[in-house]
Amino acid sequence: MMMLLLPHREEEEEGGAAGRRRFPINDNADLLAEVLGRLDGRSLAVAGCVCRLWSAVGRREAVWEAVCHRHVAVGRAGAAGGTRSVVAALGGYRRLYRLCIGPALDRLAGVRRQGPAVSSSSSAARHVSLSLALSLFSIDCYERLGGVGGRQQQPPASLLFLCKPVDVS
Amino acid sequence: MKRQHEDAGREGDCPVAMGLETGKGKMVPMMTTGDGECGVDELLAALGYKVRASDMADVAHKLEQLDVAMSSDDASHFPQFASDTVHYDPSDLSTWLDSMLCEVNSPLPTLLPSPTATAHCSNGHSLSISSNSTVTKDSTAAPPSASGVYDFEPVPSPAAASVGRVVYETDPQSEKILSPRDSKRIRTCSSSSSSGGPTKEVASFLKQATAALPVVVVDTQETGIRLVHALLACGEAVQQENLNAADALVKQISVLAAFQRGPMRKVAGYFAEALARRIYRHNPLPQADRVALDFLHSHFYESAPYLKFAHFTANQAILEAFAGCHRVHVVDFGLKQGMQWPALLQALALRPGGPPSFRLTGIGPPQTDNSDELQEVGWKLTMLSENIGIDFHFRGFLASSLADIEPQMLLEPEGKKGERDGGDEAVAVNSVMELHQLLARPGAVEKVLGTARALRPRIMTVVEEEANHNGRTFLERFTESLHYYSSMFDSLDNGANGEAEEEIEEQRRHREMADAYLGRQICNVVASEGMDRTERHETLGRWRERMAQAGFEPVHLGSNAFKQANMLLALYASGDGFRVEEAEGCLTLGWHTRPLIATSAWRIGAAAAIR
């Protein structure tokens with residue numbers, strides 16, 4: 001209900017939940033989810049620190065799915081439903097963003113910042129594709145699976161190359 | 001501390017001519033050094049000295065002998081040196097030293113270099129001992145004040161000059177010439193001893209060097225050149241079975257390597273160790289147990305993009321070959337930790353049309369301990385497949401060599417064929433850096449390729465190191481591997497601009513393990529022979545020939561694989577140094593201009609299919 005758009009001349013009350021004609025965003029979690037889904041990853045994570053409601057909504061898989069799809073180049077248009085179940089099985093969109101897409105985007109942004117001195121051949125590749133992100137994600141998920149006899153497992157490290165080193169500049 | 005560059009046309013130009021990066025201490029592959037083969041050491045030639053690289057060890061020895069001879073009869077000879085007028089051309093150092101030695105050993109007064117040679121020397125080098133070197137100060141061979149002479153001072157005081165040096169009435173200029181040399185490099189093998197005085201310093205210094213006392217070198221670029229020269233000379237010495245010279249050179253290499261930084265130091269260190277093993281005929285590295293090797297291998301996987309590149313490009317080829325098939329079977333010649341397959345499973349799960357039923361046959365070496373690595377990997381992959389909804393079956397085979405596998409073992413058991421729907425299964429064979437190990441045994445690789453063909457695969461993906469480490473002669477293999485591993489270590493060094501960036505502790509550990517992994521390979525290539533030498537890398541061209549002979553024809557890896565590889569490389573910190581290139585349908589990943597690993601795909605050739 002897009003009642004927010006109605007013009008109103010009454011004085012604004014703070015947090016007026018009884019809102020006769022005010023519809024604070026906190027009243028409508030789905031609307032909140034729609035809005036949050038249009039943020040970038042970092043902002044969304046920050047938004048989760050506002051209040052409990054925002055934290056809960058900000059953790060919804062659907063929200064993070066929207067964020068992921070917004071920031072990666074999707075190769076195939078179809079099989080969205082299939083993607084959802086596979087990603088859920090591997091750990092979810094929020095995790096996917098946190099482990100793979102976010103660091104990858106940061107890395108690429110960092111490279112772009114370093115200047116236009118990049119070779120033309122690789123300039124076309126300066127974006128993350130969903131398939132690549134999912135491949136890396138699946139490898140990480142595989143690494144985290146425990147061994148049979150509960151042997152000492154190496155900590156998963158296949159995504160370490162995306163980690164940002166300490167900034168010494 | 002002022003450096004004095006006496007002349008323009010000095011060493012500063014030579015490294016540029018050799019194409020080295022300036023001041024980074026990095027090893028750059030030098031295509032031709034002119035060493036050994038054409039005879040004359042290029043650097044010294046630029047200085048006006050003709051010394052053959054193969055003679056350098058001898059020259060070093062002779063200088064040492066000269067020093068001994070001169071220091072033993074100190075008092076008697078020097079005045080004679082001062083007044084003699086016999087001139088020998090010191091540009092042919094070797095002969096000059098011979099003549100010096102003859103005359104020192106006999107009581108005749110020996111030569112003084114001519115004034116023209118002195119002028120020559122103004123372009124030359126003398127050995128310098130940096131005053132920073134505490135070892136020099138502690139050494140007893142040279143008088144302590146000698147190090148003072150080599151301080152970074154424009155002009156040595158006559159008082160200092162007179163101590164421990166030959167007193168020269170005739171040529172005070174030589175002292176001045178000597179001084180600007182101070183700040184310069186070390187020449188352990190060469191000497192521009194144009195005057196008898198510095199000769200003593202030179203020889204005494206050399207004696208220190210051959211006693212393997214480390215000396216601080218100011219210009220690492222220079223020692224870099226020297227290091228490469230020493231390595232190549234040592235390789236040649238080993239080739240010629242001149243083990244004494246090789247021995248001396250190996251010690252030198254160790255000393256020089258200690259003053260390098262970064263990748264050059266590591267490469268030199270590993271090669272020095274491998275050469276030492278070969279020279280002293282230590283037993284080759286004991287076959288480390290599989291757990292340790294897998295451990296190193298997995299760290300190499302984490303720290304460098306090569307294996308990820310290999311897996312991703314091979315997976316893309318397999319994925320495309322399996323399009324439309326409902327039952328697929330992948331045979332992996334070297335399963336190790338199974339890191340290649342999660343990504344393929346995920347891609348198959350998401351392909352349009354839904355996932356096929358997937359069977360994986362993994363081949364691995366027998367375990368020394370009781371753990372069953374292969375089954376564990378199978379179990380993990382099964383769990384992953386269950387999670388993402390793929391019908392998955394796993395079978396493991398233990399085989400100490402791929403040649404022991406027969407095709408019947410791998411094909412589907414007869415009875416089960418009718419049970420499943422969807423018709424015959426499509427087979428893919430995958431080999432990542434496994435085939436080159438078979439070259440140690442004659443006939444093995446042909447047998448394995450025959451086995452692969454007998455499976456009638458839709459596609460066979462082969463990933464191999466792009467290098468020629470299987471040449472006929474030791475020297476060929478040695479120089480090739482020197483270039484290859486220099487590039488490889490360069491690429492692992494984490495900073496794009498040569499300075500090691502800050503790394504997370506874990507990343508550093510991974511890199512150290514990766515270095516050890518490569519070090520083992522180096523040891524195998526250099527120190528082992530015969531059946532022990534399993535790292536017999538060959539170039540893509542040679543593998544193409546072998547595959548063609550075995551009845552395969554090439555399949556072009558598509559643009560998807562190329563794009564994905566580029567995207568993957570873009571994510572690596574030192575991204576711009578890596579290059580993905582396409583060569584006749586095969587993809588290679590390299591560091592700058594040097595390809596280091598190559599992926600190719602094959603299917604059964606039309607002619608062979610008829611059989």
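Helices (H or I, at least four residues) and strands (E, at least two) are taken as DSSP runs, numbered from the N terminus. The model is predicted, so that local features need pLDDT of at least 70 and side-chain atom pairs count only at pLDDT 80 or more, while totals for chains, interfaces and linings use all residues. Residues are numbered from 1 along each chain as its sequence is written, chains are lettered from A in the order in which they are written, and side-chain values use heavy atoms, with hydrogens and water left out.

In chain B, helix H13 spans residues 243–257 and contains B:Leu256. This leucine is buried, at a relative accessible area of 7% (buried: under 20%; 1.4 Å probe, protein chains only). Leaving aside residues up to four places away in sequence, B:Leu256 touches B:Thr223, B:Arg226, B:Leu227 and B:Ala230 (contact: heavy atoms within 4.5 Å). Between B:Leu256 and B:Gly269, 13 residues apart along the chain, the C-alpha separation is 9.7 Å.

Chain A has eight helices and zero strands, in the sequence pattern α-α-α-α-α-α-α-α. Of its 169 residues, 37% count as buried. Among chain A contacts between residues at least 6 apart in sequence, 60% join residues at least 24 apart.

Over residues 30–69, chain A is 75% helix and 0% strand, and the end C-alpha atoms lie 19 Å apart.

Key: Buried means under 20% relative accessible area, exposed over 50%, partly exposed in between (1.4 Å probe, protein chains only).
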